[in-house]
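Student: I would like to learn how to read a few features of a model. Could we go through them one by one?

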Amino acid sequence: MYEIDLNIFAKKAQDQFQENMAFFKRLKQKKPKNLDSIVHQLHEEVFSEIDCLTCANCCKTTSPAFYMKDIERMSKKLKIKSTEFISTYLVLDEDESYMFKSEPCPFLMDDNYCAHYLSRPLACKEYPHTNRKRFQQVLMLSARNTLVCPAVLEITNRLKRIFL
């Protein structure tokens, strides 16, 4: 496991962003049949090297989209009404999705653990999407996630070595 310097990561991710976008666009056109198995293997390798709890950049800088089931589950956990959860924590974005009003996540604790981990939104459970089936469907999302998640950036760099 190694520590992540988020300042160095942010610069590196920004410097590589256009290249990564172009790579994912080409990968989207190629549609390699073995992409899922390769990405899943890289996911396992990279997450054995990077501990999310030393980073938590996703929780510090972005908001998950909340579905009504997420809102209901979180409200129940907090013992408040859904409408109170929405008015206290959420706002509708330009896509009409509920998002946190501000970052970092209000449930991120000082030790980078989530205060409501078992009740967290689906988007948090699935993040960063590098272990999902049909990875082909989230290529452009993954390109954007290289700006947020050091593990996604590393997976992308390893993918580039395989497919370029």
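Tutor: Gladly! Let us begin with disulfides: a disulfide is a pair of cysteine sulfur atoms within 2.5 Å. Please keep in mind that this is a predicted model, where local features need pLDDT of at least 70, side-chain atom pairs count only at pLDDT 80 or more, and totals for chains, interfaces and linings use all residues. Residues are numbered from 1 along each chain as its sequence is written, and side-chain values use heavy atoms, with hydrogens and water left out.

Student: How many disulfides does the structure hold?

Tutor: The structure holds 0 disulfides. For Cys 58, the nearest cysteine sulfur belongs to Cys 59 and is 3.9 Å away. For Cys 105, the nearest cysteine sulfur is that of Cys 114, 5.7 Å away.

Student: Is Cys 105 buried or exposed?

Tutor: Buried means under 20% relative accessible area, exposed over 50%, and partly exposed in between (1.4 Å probe, protein chains only). Cys 105 counts as buried because its relative accessibility is 13%.

Student: How should I read a salt bridge?

Tutor: Look for a side-chain nitrogen of Lys or Arg within 4 Å of a carboxyl oxygen of Asp or Glu. By this rule the count comes to 7 salt bridges. One of them joins Asp 15 and Lys 11 at 2.9 Å, N to O. These two residues are separated by about one helical turn, because they are 4 residues apart in helix 1 (residues 6–30). Helices here are DSSP runs (H or I, at least four residues), as are strands (E, at least two), numbered from the N terminus.

Student: Where do Arg 73 and Asp 70 lie?

Tutor: They are 3 residues apart in helix 4 (residues 68–78), and their side chains meet in a salt bridge of 2.6 Å, N to O. Asp 70 is buried, at 2% relative accessible area, whereas Arg 73 is partly exposed, at 27%.
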